[in-house]
Amino acid sequence: MSGPILVFVEHASGEADRVSLETLAFARGLASSLGGVAVEALLIGPGAELGPSLGAHGVATAHVVEDAAIAGVYAPGAWGAALASLATARGAAAVLAPGSDRGAEVLAHAAARLGLPSAANVLSVIPGDPWRLTRQRWAGSLLEDATLDGPMRLLSVAPHAVPVDERPGSPAAAIAQFSPSVSAADLAVRVTGHEAPAAGSVSLSDAKVVVGGGRGVGSAAAFSELEELADLLGGAVGVSRVVTSNGWRPHTQQVGQTGQRIAPDLYIACGISGAIQHIVGCKAAKRILAINTDPESPIMSVADFAVIGDLHAVLPAISAEIRRRRGHGQ
Amino acid sequence: MATLPERARIVVIGAGIVGNSMAYHLAKQGWKDILLLEKGTLPNPGGSTGHASNFIFLTDHSKEMAAFTIDSANQYRELGVYHECGGIEVARTPERMEELKRRVASSISWGVEGIRLLSPAEVKAMVPFIDETVILGGFYTPGVGVVDSLQAGTLMRQAAMDLGALTIAAGVEVTGVDTRDGRVTGVRTDQGNVEAEIVVIACGIWSPRIAKMAGASIPLTPAVHQMIDIGPVPQFATAKSEVDYPIVRDMDTNMYERQHGNGFEIGSYAHRAILMDPDDIPSIEASALSPTMLPFTQDDFDPQLEDALELFPEIVGDESVGVKLAINGLLSLTPDGNPIIGETPEVKGLWSVAAIWIKEAPGIAKTVAEWMTHGTPEIDPHGSDIARFYDHHKTQQHIAARTTEGFNKTYGIVHPMEQWESNRPIRLSPAYDRHVELKARFFEAAGWERPFWYGANEALLGEYGERVMPRAAEWESRWWSPIINAEHLAMRDRAGLVDLSAFAIFDVSGPRACAALERLCVNRVDVAPGRTVYTPLLNPAGGILADLTIMRLRHDLFRVVTGGGLGMRDRKIFADAMPADGSAQLHDVTNAFTTFGLWGPRARDILGAASDGSTDISHAGMPFLSSRSVDIDGVRTLASRISYVGELGWEIYVPIEQGLRVWDALWRAGLPHGMAAVGIGTYAVTARLEKGYRAHGAELELDFNLVEAGMARPSLKDADFVGRAAYEKQRSTDPVAVLCTLTLDDPTSKSGVRRYMLGREPILDLEGRRIVDARGRGSYVTSAGSGPSVGKHLLMAYLPPRHAKVGEQLLVEYFGEHYPVSVAVAGATPLFDPENARIRS
Amino acid sequence: MNVLVCVKRVPQTGGRIVLTTDGQEIDTKFLGFTVSPHEECAVEEAVRIVEAGGGSSTVLTLGPGAAEDQLRDAMALGIDRAILLETDGSEWDPVSTAAAIAEAIRADEAARGAYDVVLFGNESADAGGFQVGIRVAVALGRPVVTGLKGLEIGEGRLTARREAPSGGWETYDLALPAVVGVKEGINLPRYPSVPGRLRAKKKEIERVPVGAASGGPAAAAGAALGPSMVVLRLPEEQRSEAEVIGRGADAAPAVVDLLEKIGVLGS
């Protein structure tokens, strides 16, 4: 029987984040294919309350680092060092982290300190000799089947690779205090300040609604129709490349391969044919509504909803309808 | 998503500018039930239209291409998608400055308006960001503009749909083209099959692939054109429109530069020719930008960046101006540089509309739609006719060689007689080795190596002295030799032997052969066997389609002889005229016979000496326009008493493998008579001009008629023929133009050098104004060349009746100067030997 | 200020990646090459740091000889010099890559002085291993932070900014010399100017053979453990068809209903 699977769990305000829970589900499956090894968690920061509840996610033991010097604020090197030393101490068969910004960063620090390889954004693993795994490349547009070997396997789990697997009624996880020794150098890099998002302004990356305009808008002046709708919805205006190269809008508003990548709840693509260079910038939107005269345009194959028609007729009508309903509501 | 119908009258494949224009013009011609298929998505399916720089310069030395372009600009203007910004071609070298003057002349010939030459300072005034010290001047055309070709396509599709004529299916890939008995029957697609009577291939760079599915050939190759877009340019921050400044073509560096919004576009044809295999083009999905926008190859473009930097240092040298986009855009190149349009000779009902640029697409589509509908295109498309290609033209090797050689000629100074260098020699006359021994200077025609003159005839120069009309100016001396004129004089004085191997020859045979030909030809071909007939062919509108000779060899066998240049096109005209039941059949015997021309006062003596005397070749025994078999050194030849040079003599048709033997026999027989080997320079230019003989592609085109050309005969045959009704109408009304022969009265230029026009120059009245006839056609020099026997430089031109008077004085513009000319002949009377006594001696 | 920026040559892919038939690599027959958008921003940041504070910038890559193009692209944007750790073209794993880069940095610093800042893109566009920068920093014993969307260089220190997991921004304060990983959005990279291109064309590139190309071991210690690519494959395609909710201006009520349903109508 090999050592446990150790999972770095990100948490805040007493709750583990979703991708960490997915990672625990992934670890549970892996543990079972390894013949039922234990899943253990590392919680850095106040975790005494959270720790036991992870039992429902398959965790046998939650190792909690509460030393304020380490756990007070996020310190990637120190946290990575903590993960590495716990993994070594526990003789872990595998170390898993969520494929989030912090998860990837902490895992890389741990791997560097352990002098071991690690694999990022893994979707599935078949243990064996060596382990065979499938991971994401090109932000998921391509998959790689790979092997991973070594005394301890380090990997981050791609977001949404597996669903959260919570089994109420499972035994609570045991809590173990963990006090790693971390060097001053490792502690030197740490969060030194926080800023809340600026009020009022809606940035493209933060906007819940982005009203996008392309060639079909036709002129710089015609963007007022898009701005009006964006303002009504508290959103922002984004544009395709042809718009900036025509000088209608600044490049800061460009969405796509050579511009920004956005992930709003709704992207309203107006007069945008849907060139792939633009699509890569907006495909992370939860939903896409296309307004286009041409039902055959490629945007239709990525959009969820469509209005066929001239945006210059459709947009003012939508804005008017919104105002009408709000007027009635008051 | 459009659903695919099971059948359509016409399927147009490809919704780029060409396919959209086709759908539009077919609908306007009254076609219904048109289906437009597109593999990609609309409005930009990913072909060459999508990355085109979209500007239109109107000038072209080619009348046909200029006509397509001018018509296209007008159509774009009517659609409201044409933004006129003007254009300037600039010159960095004196040679280019001269070329710009020639381009001014061509512009006047074809009716481009408002053009003028500019000084460097004047260029600077219009394009303030140019470094005018780099240039010597420019040529300004106000009508140059930029078109939104995608919007144009959308509007044209909409117009066709509004006429209830068009169904559009995008995202449909054609996977096959079905044919039966040589006729197209439909297309197969990834979403089902569609039956169709007519299939139009408007697939740009993919056209060869689609044609191949039907067993047809569209000989073009995709090639790279490099383009970068830099910006934002501070000078354009306040630009009022997409393009406020004239577009500049930097002709000497093969580049163009244009403002595009706040950006600056730099395009090049200067780099090495980068060709692609059509099967190597990526799919739409797999392309980084689009299938026709390939990764930029920086190294190829770097030298051009230096050139652009030199001309536009303020913009291109601005450190704050970035390269926003750089692509290797794909476009179509053809072996001769012309588009490829018309019904394919291989498959009835399968039409090609390919190798077409934005600047000419609507004009060509209109032409093809007219052609398809009534057979009467307003613009003569013969230079672009897909049927023009010989088989060797369709080989990958030929396409690659000629497109590579031609690519850098895009903005080149191309002499009208300039010869291709690559992929030669291809077709060799049996007497080729003899021509080489005689130091022939070979020009290529239809793949044949034809002696244009013979270096070995240099000795004749001494004999004729100044009569050879020597030329001092380099331009007219290029691709020319005074030996041509010496050969001419030797032929007129004694005799000449001419290799005419480039003729295309077809036998038409069968019980209905006579009737089929009679239906096609203006002149009566139902003559006695042994007679030779010269006849034009007309289109249904009475435009001149071709001119050629037909020998009746037997009651049911005719031999058609036509020029090699359009020989394959003419073959298609005849093949299409054959009855479906096989009662008359066409056999191409071009490669079975070679032809030698023997002409001059001593021709009968020479043929008499060379032949065995078994055929009576006296004037009585073998009168003009008759043919007989004549045995020469044991070879049975066919001799036809005919002449394109105005001398007594014969065209002698010889089985090709015995050609050398006959050439040698004629040569031996001719030497005692002082016969010279005579090149095509005499045959096709000087001798015919002196005789006022018209040439197809020069004087004879669809936009002229037989009355105007002076070729109407007093009586009309009884039988019906194509174009008869129109021709009868032409005969009953006064012509609005008359083909005239003019002489150059004084060739002396301002600098004192004698200059000689080469053709296509504008004819002006004495006030220097363009002459336009009642049908709006400008007068221009249709052909020009020396007339050594009349001692004048000769020009032919159609003139309105008010000017078509003997002695009328006019002007010709040539390299920016005006030269006095006068009308020597109005009509068809020869200037040399007006009674035709020589031919009939 | 002495700044190094590390980039990786990757194919510029289209809408659908095409693999070679053996699935061992992307078919690049029709593709150009570039660096990841994060690295474009890292290059821009390096140029800006030197523009603001003086000093010199260097770009480094580990890759095949053709990666010279990406180095010249960076120099066209204003990077002063370039180092190519030239491989035989085979793909290197993150452990070996980091080891070779760290060694090259040590050697270069020994000859020319230390780099105050070493910039990486947050992750490469192709392999996306999320680790090379951190491994290099750990090997060099330098502080490192990744995911940056803001960077300010002070006296002997840098202040970095990145998006916090819970929204807003968090800041870091690092002593120089330091290593950073930056993300797109930290700046708007400039386009290369034509004079920049022409200058870059003429610059020397320092070529250092590495791995098998140097006659040395093909990989760093530990790399034998993987991850080693076995085969590449494409995920199953998801193609949707838009639901048409209306035509023209008449569609407005349906659109507003949709906004309400999605929860973005607000008030």
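Domains, helix packing and chain contact in a predicted model

Visitor: How far apart are the centres of domain 1 and domain 2 of chain B?

Guide: This is a predicted model, in which local features need pLDDT of at least 70, side-chain atom pairs count only at pLDDT 80 or more, and totals for chains, interfaces and linings use all residues. Residues are numbered from 1 along each chain as its sequence is written, while chains are lettered from A and ligands numbered from 1 in the order in which they are written. Domain 1 of chain B covers 7-196 + 221-333 and domain 2 covers 415-720, with bounds from an automatic or database domain assignment. Taken over C-alpha atoms, the separation of the two centres is 41 Å.

Visitor: Is B:S618 buried or exposed?

Guide: B:S618 is found in the loop between α17 (603-610) and β30 (627-632) of chain B; helices (H or I, at least four residues) and strands (E, at least two) are DSSP runs, numbered from the N terminus. A residue is buried if 20 or more other C-beta atoms, placed from the backbone, lie within 10 Å of its own, exposed if 12 or fewer, and partly exposed in between. Because B:S618 has 10 other C-beta atoms within 10 Å, it is exposed.

Visitor: Which orientation does α1(B) have relative to α9(B)?

Guide: Helix α1 (residues 17-28) and helix α9 (residues 361-374) of chain B pack at an angle of about 45°, with their axes 8 Å apart. Axes are lines fitted to C-alpha atoms, for helices over the stretch in contact, and angles run from 0 to 180 degrees between N-to-C directions. Angles under 35 degrees count as roughly parallel, over 145 as roughly antiparallel, 65 to 115 as roughly perpendicular and the rest as oblique. Therefore α1(B) is, relative to α9(B), oblique.

Visitor: Which residues of α18(B) make the contact with α17(B)?

Guide: α17(B) and helix α18 (residues 659-670) of chain B pack at an angle of about 120°, with their axes 8 Å apart. Two residues are in contact if their C-beta atoms, placed from the backbone, lie within 7 Å. From α17(B) come B:I606, B:A609 and B:A610, and from α18(B) come B:A665, B:L666, B:A669 and B:G670.

Visitor: How many residues of the side of chain A that touches chain C are charged?

Guide: The contact takes 77 residues from chain A and 70 residues from chain C. Ala, Val, Leu, Ile, Met, Phe, Trp, Tyr, Cys and Pro count as nonpolar, Asp, Glu, Lys and Arg as charged, and the others, Gly among them, as polar. On the side of chain A, 42 are nonpolar and 19 polar, and the number charged is 16.
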